[in-house]
Every structure is written in C-alpha cells, then in structure tokens.
Amino acid sequence: MRKALHRIAAIALLLLLGHGIAAIAATPPAPAPPSGNDIERRVAACIACHGREGATTNAGYFPRLSGKPAGYLFNQLRSFRDGRRFNTDMTYMVQHLSDAYLMEMAEYFAGLNLPDPPVSPVSDAPPAQLARGRQLALEGDATRRIPACVECHGAALTGVQPAIPGLLGLPRLYVSSQLGAWLTSERHALAPDCMADIGRRMTTADINAVASWLAVQPMPADPKPATSLPAALPMSCGGMPK
C-alpha cells in the first residue's frame, strides 16, 4: 500500500513539473527596457491633455510644452514626482521615473519647434482690469514688492533659458489657477520658492488681471526663450542654476 502511494505521488510530481515547464515555455519574455530612440512613443500619453506633441491651443486649460526651456520642464516633472505640485494624472505618470528619464522627456519637448496658434485679442475682462494686468506684467507693484513679470520672464515674456517659462499663449484659466495655487500654498517649487513669495503678495483681483492681460497678448515673431536676462533676477529662485 505504501509503495502504491509513493508511486502515485511520484507520478503527480512529474505531471506538475511537466505543466510548470510548459507554462514557462509559453510565457512571453519580459519587454525590453525602453531604448533612447523611442522617446516619441514614450511621451505619447502627454498628447491626450497637452495636445499634439505638446502644442495645445490657448483656448483650453492645459499648458503648451513645445519649446519651453528644458530646465523648467524638468523642474516641473520633478515637482510632480516629489510632491511639490499635485495633479492626479501627472503624479501617476511620473511617480516612478528617474531624473534621467524626466530630463529626456523635458529635452524632447523643449526641442520641438511647432507653430504657435493665433491669439485672439478679444477679452471679456473690463478695460480697468486689463490695465492693471498690464501694469503688473510690465511695471510690477513696488508698494507690495511685486516685481514685473518681464524682470524674470524676459522682455518679450517668452521665457529665459535655462529654466524660466514663457507666459504668452497660455490659457487664462491656467495662468490664474497656477498663481492662485501659489497664493494658497498649494503649489511649491525648489527653495527658495520665489513664485510662492510673489503669489502671496498678490490679491485675487491682481491674479485675474494679469492672467487676463497675458491671455490676449500676441506671440512675437520669435517666440523662443531668451538666452539670458539683461540684469540679475529681482529675487533668488530655487529653480534657476546657481
């Protein structure tokens, strides 16, 4: 009786081993890690929100990625990954990506040279609000220690290399929401967080005014970020290289 049980157990073991070997043979090999020449495929998910190759129009909510300074895009991707900024979709997509991977994505979008959509000069903001927005963008407000946008984002407001973004061609809702996020401390950047300091000095009326004015400004003939600023930044910013 004992020998018969041993024989049955041995047969069962052989059957199990056979099935295991067959399963291993039928399992497809694990996908190879992404190679460096398929970046377009790997960033395809970005198109769903940011538009074709990151060239969204200025009529929606999501910002344009094409042509932004690589350092700026890299800093934002890291902030989503590391918890300084939060968006459910963005955090989910980048939470496990390395700095090298994020920089590759940033350099891809920074290297795109796609045409900017035309900007409509029509606004439903009242003239006084647009005038206040123009003042903040070009002159600032010394009484509240708010520097002009052009002091950091360049005279043409198209950004400055290597890490300051342009402010033109962006949806008004996006600009106002991001300034509001700094005002309420919902958005952060690398310390010293200069935009958080500026945002907290602005009122809701200021934010709506400057966002409204920026949204109707035409893109210049050369929309590329400036290579440098004519003077030092008015305050220290952690996102800029020392």
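I call a residue buried under 20% relative accessible area, exposed over 50%, and partly exposed in between (1.4 Å probe, protein chains only).

I am reading a predicted model, where local features need pLDDT of at least 70, side-chain atom pairs count only at pLDDT 80 or more, and totals for chains, interfaces and linings use all residues. Residues are numbered from 1 along each chain as its sequence is written, and side-chain values use heavy atoms, with hydrogens and water left out.

**Entry 1: salt bridges.** I looked for salt bridges (a side-chain nitrogen of Lys or Arg within 4 Å of a carboxyl oxygen of Asp or Glu). The structure holds 13.

**Entry 2: Arg 144.** Which side chains meet Arg 144 in a salt bridge? Asp 141 does, at 3.5 Å from N to O. Asp 206 does too, at 2.0 Å. Asp 206 sits in helix H11 (residues 204-215) and Arg 144 in the loop between helix H7 (127-138) and helix H8 (149-153), so their pair ties together parts 62 residues apart in sequence. Helices here are DSSP runs (H or I, at least four residues), numbered from the N terminus. I then checked burial. Asp 206 is buried, with a relative accessible area of 4%. Asp 141 is buried at 8%. Arg 144 is partly exposed at 28%.

**Entry 3: Asp 38.** Is Asp 38 buried or exposed? Asp 38 is buried, at 14%. Its salt-bridge partner Arg 41 has the closest N and O atoms 2.5 Å apart from it. Arg 41 is exposed, at 57%. A network of salt bridges links Asp 38, Arg 41, Arg 42 and Glu 104.

**Entry 4: Phe 62.** I found Phe 62 in the loop between helix H3 (47-50) and helix H4 (70-82). Phe 62 counts as partly exposed, because its relative accessibility is 32%.

Methods: Helix = DSSP H or I, 4+ residues; strand = E, 2+ residues; numbered from the N terminus.
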